[in-house]
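Here is a structure to read step by step. Keep the sequence and the 3D view open as you go.

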Protein chains: 2
Amino acid sequence: MLARSLKARLESSIPAAYGRLAAFMGKSRALVGARLDDARARRRFWERVLEGPIAEMVLAHNEPAAEAALASEIEREAGGGQIAPLGEVYLVGAGPGDPDLLTFRALRLMQKADVVLYDRLVSPGVLDLARREAERIYVGKRRNDHTLPQEEIGELLVRLAREGKRVLRLKGGDPFIFGRGGEEIERLADEKIPFQVCPGITAAVACSAYAGIPLTHRDHAQACVFVTGHGKDGPVDLDWATLIRPGQTVAIYMGLGHIDELARAFVAHGADPELPAAIVDNGARANQRVVVGTLATIAEQARAAALRGPTIIIVGAVVALRDKLNWYAPTPALAEEDVSDAGVREETQPGERRGE
Amino acid sequence: MLARSLKARLESSIPAAYGRLAAFMGKSRALVGARLDDARARRRFWERVLEGPIAEMVLAHNEPAAEAALASEIEREAGGGQIAPLGEVYLVGAGPGDPDLLTFRALRLMQKADVVLYDRLVSPGVLDLARREAERIYVGKRRNDHTLPQEEIGELLVRLAREGKRVLRLKGGDPFIFGRGGEEIERLADEKIPFQVCPGITAAVACSAYAGIPLTHRDHAQACVFVTGHGKDGPVDLDWATLIRPGQTVAIYMGLGHIDELARAFVAHGADPELPAAIVDNGARANQRVVVGTLATIAEQARAAALRGPTIIIVGAVVALRDKLNWYAPTPALAEEDVSDAGVREETQPGERRGE
């Protein structure tokens, strides 16, 4: 019964883009038929098209490029020549970790990959959905270990694409928000390697939804700011004058390690110590935990809760809305990872102990 | 062949959450069997569970609530009583418009809806994916027409949920970033109506990916700010001191109507008139157009290009990266909507005319 219900759901979920692909194939049929006599050759040819970058170009709305590539593939095939491999890189945002929050486009690109480069913030559940045969390479960044590998990741992307591979560069969240995705594809652009970018649900947005804390709100925040709390050698030198303005929400990525300095700096630069602040730990995952306090208390609370991250710190009046808007109550028993918070009270269910 | 390729892709795309649902059903089987003798009654019962809020609770990692609800449903069924309808609201971010950028979770909730409330920013392609039988209600906000309907939307959500309906509140982008989603669910919380929130790809993130303009970049922007350019009666009173800071990217939602005032105000408050600025019109859609200039030129360029929106305006040094990182070249002929830009030069393909 579950299988039947699932099947009905899947059948309704065919991405609309495939209609375009079918139309493209229909339009190109005469051309292919005219150049390739043999039915088997035609079938092989279409199989390659469907699995390769030409289909991808159509799905990405780039039909002129697809037509040009198809024409040149036909000529190569008709001439009996070898098909030169056409490597490509997909820079894909994997979202906050729950595979349910992947986009269809992300999954489609993941299913085409010959090789996957992923880092620490990509969850095992998401990684499992990459093409089964794809080689997986961990290029994972730990904190304080950013600088060196970045260059090597660029090298690796270039080399793999030059070998004709479809390379999936999978990043937690969105690749253009503190993902350094821009730097990686700059390198590809320099080397004239084709690439595509697929956005993902960035951590601040995911944490906002799953913690019941709207990032903007007519009465409380007309703007939101995303910053990173982590620099090369300690907390980054943030633009405090900007961050302490009223009427906005600040979401801090990678700030847990410097939560003391961050909270103190807010207050030192003029923010109200009573300004609400929350830390969302493992946001949008089954082991999500949320600690709510104020600038004055949040660092101590984070320590008491022994949070491990990844986290998003949210500072602003909107945090107070969580009291009303919290809807997500994951079951610790179902958590994919062990959460060691023995004895710590958790804000979600006052008076209850979790993870025990 | 396309169908076969599609099927293989779909089969690999079953959201991981369904494993949890199967486990939950297995665990509850004995309980149901003990209370419901009749095989037909059991089957009917499970069908309702799979289609209703209990399955949804499991998929949302809220197993304690699911267990409690299941137990009370079993008792009702065993007692021969009527099943009281349990209404619920799903506040779902529909992303930028391309159905390919929906998340699996969004689609799943869309497939459960009895009724859909949507507004102007939800594309027809996305709306088509809501459950076929669902009633569709347009509650669309036009510019300058925000205030009154908002209250009525809240009323409607409450009334429909009270009738026992599964109500989908579908919003373009993400519901918590300038979507006023927070206000709508506050109302639901007041009325004790259950709700869930599903994040979406917000417009600034989508436009960033599809325009090749990273919102953050180690060399150019350590922060990004999202603001709205549209207030009740003209441009909102933005916090200019915050926005003109160097080292950050500003993404302005709903700013096209006030682009003159906005660009002038940036400069009047001290920003460099030569600071790069871009307008992404219909971002991440087949009719995407991008106009790139500076604070000094962008308003005039927007006029010349006769942009109609929806748009995201991006201001900051990262805009210059588009020269290198632009990868998305949609085909105007495939655009779902007519773009009336007769005679206008477009930055993507210099010297070419589009939409003619």
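Rings of Phe, Tyr and Trp (its six-membered ring) pair if their centres lie within 6.5 Å; planes under 30 degrees apart count as stacked, over 60 as edge-to-face and the rest as tilted. By that rule, the whole structure holds 18 aromatic pairs over all chains. Take F178(B) and Y253(B): their ring centres are 5.0 Å apart and their planes meet at 55°, so this pair is tilted. F178(B) sits in the loop between strand 4 and helix 9 of chain B, and Y253(B) sits in strand 7 (residues 248-253) of chain B, so the pair ties together parts that are 75 residues apart in sequence. Helices (H or I, at least four residues) and strands (E, at least two) are DSSP runs, numbered from the N terminus.

A word on the source: this is a predicted model, in which local features need pLDDT of at least 70, side-chain atom pairs count only at pLDDT 80 or more, and totals for chains, interfaces and linings use all residues. Residues are numbered from 1 along each chain as its sequence is written, chains are lettered from A and ligands numbered from 1 in the order in which they are written, and side-chain values use heavy atoms, with hydrogens and water left out.

Are F178(B) and Y253(B) buried or exposed? Both are buried. Buried means under 20% relative accessible area, exposed over 50%, and partly exposed in between (1.4 Å probe, protein chains only). Ring pairs link F178(A), F226(A), Y253(A), F178(B), F226(B) and Y253(B) into a cluster.

Now follow F226(B) into strand 6 (residues 223-228) of chain B. Six of the six residues of this strand are buried. Both faces are covered: A223(B), V225(B) and V227(B) lie on one side, and C224(B), F226(B) and T228(B) on the other.

Which strands pair with strand 6 of chain B? Two strands pair if DSSP finds at least two bridges between them. Strands of a sheet pair through backbone hydrogen bonds, either parallel or antiparallel. Strand 6 of chain B pairs with strand 7 of chain B in the parallel sense, over six bridges. There, V225(B) stands opposite V250(B). Strand 6 of chain B also pairs with strand 6 of chain A, in the antiparallel sense, over five bridges. Here V225(B) is the bridge partner of V225(A).

Next comes an open sheet in chain B. Its five strands have the order 3-2-4-1-5, with parallel pairing. Strand 3 (135-138) and strand 5 (195-198) stand at the edges, each with a single partner strand, so one side of each is left without a neighbour in the sheet. The twist averages 20° from one strand to the next. (Axes are lines fitted to C-alpha atoms, for helices over the stretch in contact, and angles run from 0 to 180 degrees between N-to-C directions.) Four bridges join strand 5 of chain B to strand 1 (residues 88-93). One of the bridge pairs is V92(B) with C198(B). Helix 9 (residues 181-190) of chain B lies across strand 1, strand 4 (166-171) and strand 5, at about 165° to strand 5.

Finally, compare the two chains. A rotation of 180° with 0.0 Å of shift along its axis superposes chain A on chain B, with an RMSD of 0.1 Å. That is the relation of a two-fold axis. Copies are superposed by least squares on the C-alpha atoms of residues with pLDDT of at least 70 in both.

Note on methods: Contact = heavy atoms within 4.5 Å.
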